[in-house]
Amino acid sequence: MVSARRRLRCQSWPSAALAFVGCAVSIATAAAGSDAVSPVTACDRLQSESGPTIRVSEAQLRPAAGGLAAHCEVLAYLDERTGVDGQKFAIGLHLRLPEAWNGRFVFQGQGGTDGVLGSGDVQPGGGRPSALNQGYATVTTDAGHSNAPGPLGGASFGLDPQARIDFGYRADDVVTRQARHFIQTYYGRLPSYSYFLGCSNGGRHGMAITQRFPEHFDGVAAGAPAFRMPEKGLAGAASTQGFAAISPKAPDGRPILAQALSQADMELLSRAIVQSCDAADGLADGIIDNVPACRFSPRTLQCTSEKTASCLSAAQVAALENHFQGPTTAQGRRIYASYPYDSGIATEGWRRWILGTAPDSRVNAFNVSFGATLAYLYMTPPQAPLPNEAEAVYDFYRSVDVTAAHTRIFATSAAMPESSVQTISANAVDLSGFRQRRGKLLLYHGVSDPTFSALDTLDWYKRLTDAAGGEKATGEFARLFLVPGMNHCSGGPSTDSFDVLTPLVTWVEQGRAPERIEARAGATTPWPGRSRPLCPYPRQARYLGQGSIEQAESFTCAAP
Ligand code: CA
């Protein structure tokens, strides 16, 4: 009966490829013999869990609708309080408890700077099979604050020291404990296995959990992790300042970042990178699998005389090098990793972060939003206030002294418990607690991610490898999958459609580490439907020399 219902749910998923992935999970679950668990109490009885530190605002049974299976939906607010400047704070919790529970729990980390209570039932990147529909109890949180309107809305909570701590890591702990309590009350037992999924800031939460609360989760999937957010904020400032210096100016004198490089310029650059690096993996297929071997320099495109469609000006080359090399202090100390030259940088997904997509707008690049978080959240004490206007944030970001800001963040605030160094960073490589409890960490990162550099995650992974006793020992509990061509969490000329939950569950529950993850290209890529294996670093996808180059089975994961 249970498997018949599961089969029906599988068929309701939009794409055949995804349905296959999702059904495979259900079948594996059924084969493991874990029959669905039913509730032992009424959903609305969870309302009575309200107390001095928690307000349950909703606990209601939801019939199957809107693509979601029947479940008990719980909304609750923990530790409600009034903070700095009279701001109201609480840690929001959004829990969904399926009527047919598979005995497992998934926590979905949110992107941005949190501040929004999401649905808690999607895998990062979207379009992937619903965890709730597979029988998981799912939860998410706003991490302790609610974003206000305007460009400062996702940053002004940084004025409140406790809100920084809640955002940094405490909400992960508080919400996990409370969700487990609700699960025990509703089903009469605790979950057999617990998982955490998140991309970007959600990936940061995932890393923070493995470092700070190793007891909570059996498996964590962290995508494009924002684990060095303040450093990235400084990298974005240096990048923005470099591109602003070569941008034409609007009538009000502000540089129009979007015009620093035209779409044709970016396509020229992307084509040259592919030409230079694509075949180094043995196959010219538009995908650069041998990332470490790509030694591209935009200087090869520099005009010898005036700028034409087939070359870049010296100023453009300098601004690109400034961005891709990553920032250093005035004393030459590296602040953030470099960015890899990759095939996915002529996309809207790249441009919207770095330059902005509106051709005549002064302030449209997502990167500029890091100006608000730099001032309000990364600096201790905050460099506030700024007027709540995009122009003011832009003016601050394109004029901030990167070296002085770096000093202010790291030299002066390292000892302050509420500083970003202490709260937001998830940069530690001592995962001994997580490893000891046999936890598994699955990391993934798009090589063409414009905002958080895949090379920064790779640097961290190498440091972890050194700390954990080498490649083999590390691969037993932590693996990194680079996704060539993929932008931030999704998009780009890449195979960006893949399921991380299934391989994570198999790793944790059956002890089989992911040797490859099958991934598929979407409709907007040059090769819709193409599939590839994603490989655990340092292995790379290699063509076997026969079979269709559109199919993953024609590829192996090989040592470089
Ligand atoms: Ca290739």
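Reader: Which protein atoms are the donors of the calcium ion, and how far from it do they lie?
Author: Happy to start there, in what is a predicted model. Donors are N, O and S atoms within 2.8 Å of the metal (3.2 Å for Na, K and Ca), and water is not among the atoms, so the site may look incomplete. The donors are Asp 278 (O), Asp 278 (OD), Asp 281 (OD), Asp 281 (OD), Leu 283 (O), Asp 285 (OD) and Ile 287 (O), at 2.3 to 2.7 Å.

Reader: What spacing do the donors of the calcium ion follow along the chain?
Author: Residues are numbered from 1 along each chain as its sequence is written; local features need pLDDT of at least 70, side-chain atom pairs count only at pLDDT 80 or more, and totals for chains, interfaces and linings use all residues. Side-chain values use heavy atoms, with hydrogens and water left out. Along the chain, the donors of the calcium ion have the spacing D-x2-D-x1-L-x1-D-x1-I.

Reader: Is Asp 281 buried or exposed?
Author: Buried means under 20% relative accessible area, exposed over 50%, and partly exposed in between (1.4 Å probe, protein chains only). Asp 285 is buried, and Asp 281 is too: buried.

Reader: How do helix H5 and helix H11 pack, parallel or antiparallel?
Author: Helices (H or I, at least four residues) and strands (E, at least two) are DSSP runs, numbered from the N terminus. Axes are lines fitted to C-alpha atoms, for helices over the stretch in contact, and angles run from 0 to 180 degrees between N-to-C directions. H5 (residues 229–245) and H11 (residues 402–410) have axes 10 Å apart, at an angle of about 170°. Angles under 35 degrees count as roughly parallel, over 145 as roughly antiparallel, 65 to 115 as roughly perpendicular and the rest as oblique, so H5 and H11 are roughly antiparallel.

Reader: Where is Pro 381, and what kind of peptide bond joins Thr 380 to it?
Author: Pro 381 sits in the loop between helix H9 (369–378) and helix H10 (390–399). Omega is about -5° for the bond between Thr 380 and Pro 381, which is cis.

Reader: Is Asp 85 buried or exposed?
Author: Asp 85 belongs to the loop between strand E2 (71–82) and strand E3 (88–98). Its phi is near 60°, a positive value in a residue other than glycine. Asp 85 has 64% relative accessibility, so it counts as exposed.

Reader: And is Ser 200 buried or exposed?
Author: Ser 200 is in the loop between strand E6 (193–199) and helix H4 (201–212), with phi near 65°. Because its relative accessibility is 10%, Ser 200 counts as buried.
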